[in-house]
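Have a look at the structure first, then read on.

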Amino acid sequence: MQIESKTNSNIRSGLTLIAPFFLWGTAMVAMKGVLADTTPFFVATVRLIPAGILVLLWAMVQKRPQPQDWQGWGWIILFALVDGTLFQGFLAQGLERTGAGLGSVIIDSQPIAVALLSSWLFKEVIGGLGWLGLLLGVGGISLIGLPDEWFYQLWHLQSLTINWSGPALVESGELWMLLASLSMAVGTVLIPFVSRRVDPVVATGWHMIIGGLPLLAIALVEDPQPWRHIDLWGWGNLAYATVFGSAIAYGIFFYLASRGNLTSLSSLTFLTPIFALSFGNLILGEQLSALQWLGVAFTLVSIYLINQREQLKIQLRAMWGLVRKPVVND
């Protein structure tokens, strides 16, 4: 019975860890499905403010403490501007110009920035296996997100020709997604500072509401009635992105981030583009090439290396000790 209970507990823990990234990936597909009927900033607003209200209501039911001083509110406001206004604003702008899968791939390059900031601010030890995993992850998302022609040029011609154009780069959406990635990385690193002053679930709810207010103002300036063309299916997509892709996903993620290793947790964001690409293929018809599938494989290996690096290190040391153990002849 104890073994069965422990197994069930491990399964629940694993599902809890994966849940935010599954919900984020599928929420990207839902958001992409409604952007043709409204503005990006309105989508970002709906994803944040109602979700924040839901999180705060749940926090009230749980009797979690509200912020007690101005320092706590200051951290929440900073967190809201970075991870709410900037991240969701950049994300919505980029998603309008890219596919759900590609956009998710670019955003989820942020574990490198998180690893660097965490090693500097919190002295988290990444180690050789961790860095190898991060490099494999970046390689994987590069194979998924960059044009196949670039890799074919490098392989066959040993050269690469890229035509850079500032306006074209902005309109393509990749720059917006990169800015979203950097905003998310900074927001992730801010979480331990916020959680020292405020309950992490309460901070999650307030940061969504406060971060969504500037986006709402921009959305209403762009279009006083941004909701008028949204049909029932579109509202369903928004509801999914709000409840599951924001309220539940961010609540779980920020709770875990306040308690665990940021580098390991952040590395799991490499799962998000896999979910986004898979559901983008099923629902939106987005296709994967052979190189992109190779990138998916690299990404999975990277997650394993980063999250199991301590156990792997122990196993490698044990194996090395057996190899170096002298043979005793009778």
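Phe 90 is buried at 18% relative accessible area, where buried means under 20%, exposed means over 50% and partly exposed is in between, using a 1.4 Å probe and protein chains only. Bear in mind that this is a predicted model, in which local features need pLDDT of at least 70 and side-chain atom pairs count only at pLDDT 80 or more, while totals for chains, interfaces and linings use all residues. Residues are numbered from 1 along each chain as its sequence is written, and side-chain values use heavy atoms, with hydrogens and water left out.

**Aromatic pairs**

- Rings of Phe, Tyr and Trp (its six-membered ring) pair if their centres lie within 6.5 Å; planes under 30 degrees apart are stacked, over 60 edge-to-face, and the rest tilted.
- That rule gives 6 aromatic pairs.
- One of them is a stacked pair, Trp 75 with Phe 193, at 5.4 Å centre to centre and 10 degrees between the planes.
- Trp 75 sits in helix H3 (residues 70–97) and Phe 193 in helix H9 (residues 174–197), so this pair ties together parts 118 residues apart in sequence; helices here are DSSP runs (H or I, at least four residues), numbered from the N terminus.
- Phe 90 and Trp 176 make a tilted pair, with centres 5.9 Å apart and planes at 40 degrees.
- Phe 90 belongs to H3 and Trp 176 to H9, so here the parts tied together are 86 residues apart in sequence.
- Trp 176 is partly exposed, at 22% relative accessible area.
- Elsewhere, Phe 42, Trp 227 and Trp 235 form one aromatic cluster.

**Helix H3**

- The 28 residues of H3 should span 40 Å, and the end C-alpha atoms are 39 Å apart, which agrees; the expected span is 1.5 Å times one less than the number of residues.
- H3 has a kink of about 35 degrees centred on Ala 80, the bend being the angle between axes fitted to the seven residues ending there and the seven starting there.
- At the start of H3, a side-chain oxygen of Asp 69 comes within 3.2 Å of the backbone nitrogen of Gln 71.

Key:
Helix = DSSP H or I, 4+ residues; strand = E, 2+ residues; numbered from the N terminus. Polar contact = N/O pair within 3.5 Å; in protein donor to acceptor, adjacent residues only side chain to side chain.
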